[in-house]
Amino acid sequence: MAEAKFLSALALASVIACPQFSSAESANTTITFTKDIAPILQEKCQACHRPDSMAPMSLVTYEDVRPWAKAIRERVLTRQMPPWHIDKTVGIQKFKNDRSLSDAQIGTIVKWVDAGVPKGDPKDMPPPKQWPDESKWTRLVSTSCELKPTMRAEMAVPAFNAAGRTCM
Ligand code: HEC
């Protein structure tokens, strides 16, 4: 019993003492697209870089990303991408929906490009991020009451529509 406890403590200690088991950035583990890069792109880039969105190219699949690797390295190192015009060195630094990259994420991307953009095991690829269908969203909004021109008048005299407001 005591021995079992000692062993599990030992196991825990060795995990703590050897962070390379959990860190993607150690020399032992290769940084790969599927395991390390795709999650970052999903979180920080695909809001704009996906098919039919505002940015010039999609950054969803490995095949999408590969030709842009050098440009991505350049843009993240110079912090031009993702667009985030808040000075990292002064003032409030915690924002909801912070789209900027952490230093660790930039480091991961740079090392990945420098290592020759290894793709990695397809099994590591995270499921594609689901984005709201913008065409449906637009239709939904335009049929709701909220954006009708009458809204402005209603806001000015809220007491009048406390009960049963109808769309006109
Ligand atoms: C808010 C929307 C937005 C986000 C988020 C965003 N981008 Fe962009 N990106 C753009 C737009 C728009 C352009 C085209 C204008 C320009 O080149 O600056 C662009 C251009 C680029 C280019 C240059 C393409 C070229 O023609 O050379 C690269 C590389 C790039 N983005 C990478 C990224 C990466 C990597 C991320 C995430 C870490 C990211 N972007 C996040 C909107 C975005």
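Trainee: Which residues in α5 do Asp36, Ile37 and Ile40 in α2 meet?
Mentor: Some ground rules: this is a predicted model, where local features need pLDDT of at least 70, side-chain atom pairs count only at pLDDT 80 or more, and totals for chains, interfaces and linings use all residues. Residues are numbered from 1 along each chain as its sequence is written. Contact means that two C-beta atoms, placed from the backbone, lie within 7 Å. By that test, the α5 partners are Gln105, Thr108, Ile109 and Trp112.

Trainee: How are α2 and α5 oriented to each other?
Mentor: Axes are lines fitted to C-alpha atoms over the stretch in contact, with angles from 0 to 180 degrees between N-to-C directions. The α2 (residues 33–44) and α5 axes come within 10 Å and cross at roughly 130°. Under 35 degrees is roughly parallel, over 145 roughly antiparallel, 65 to 115 roughly perpendicular, and the rest oblique. The two helices are therefore oblique.

Trainee: And how do the residues of the contact of α2 with α5 divide?
Mentor: Ala, Val, Leu, Ile, Met, Phe, Trp, Tyr, Cys and Pro count as nonpolar, Asp, Glu, Lys and Arg as charged, and the others, Gly among them, as polar. Sorting Asp36, Ile37, Ile40, Gln105, Thr108, Ile109 and Trp112 that way, you get 4 nonpolar, 2 polar and 1 charged.

Trainee: What do the buried residues of α2 pack against?
Mentor: Buried means 20 or more other C-beta atoms within 10 Å of a residue's own, exposed 12 or fewer, and partly exposed anything in between. In α2 the buried set is Phe33, Asp36, Ile37, Ala38, Ile40, Leu41 and Lys44. That set packs against α3 and α5.

Trainee: Is α4 roughly parallel or antiparallel to α5?
Mentor: The axes of α4 (residues 69–77) and α5 (residues 103–114) come within 9 Å and cross at roughly 150°. That makes the pair roughly antiparallel.

Trainee: Which residues of α4 and α5 make the contact?
Mentor: The contact divides into 8 nonpolar, no polar and 2 charged residues. On the α4 side sit Ala69, Lys70, Ile72, Arg73, Val76 and Leu77, and on the α5 side Ile106, Ile109, Val110 and Val113.

Trainee: What is omega for the peptide bond that joins Met81 and Pro82?
Mentor: Most peptide bonds are trans. Here, with Pro82 in the loop between α4 and α5, the bond is cis, and omega is about -10°.

Trainee: Is Val117 buried or exposed?
Mentor: Val117 lies in the loop between α5 and α6, and its phi is positive, about 45°, although it is not a glycine. Its count is 21 other C-beta atoms within 10 Å, so Val117 is buried.

Trainee: How many helices does the protein have?
Mentor: A helix is a DSSP run of H or I of at least four residues, a strand a run of E of at least two, and both are numbered from the N terminus. There are 0 strands, and the helix count is 7.
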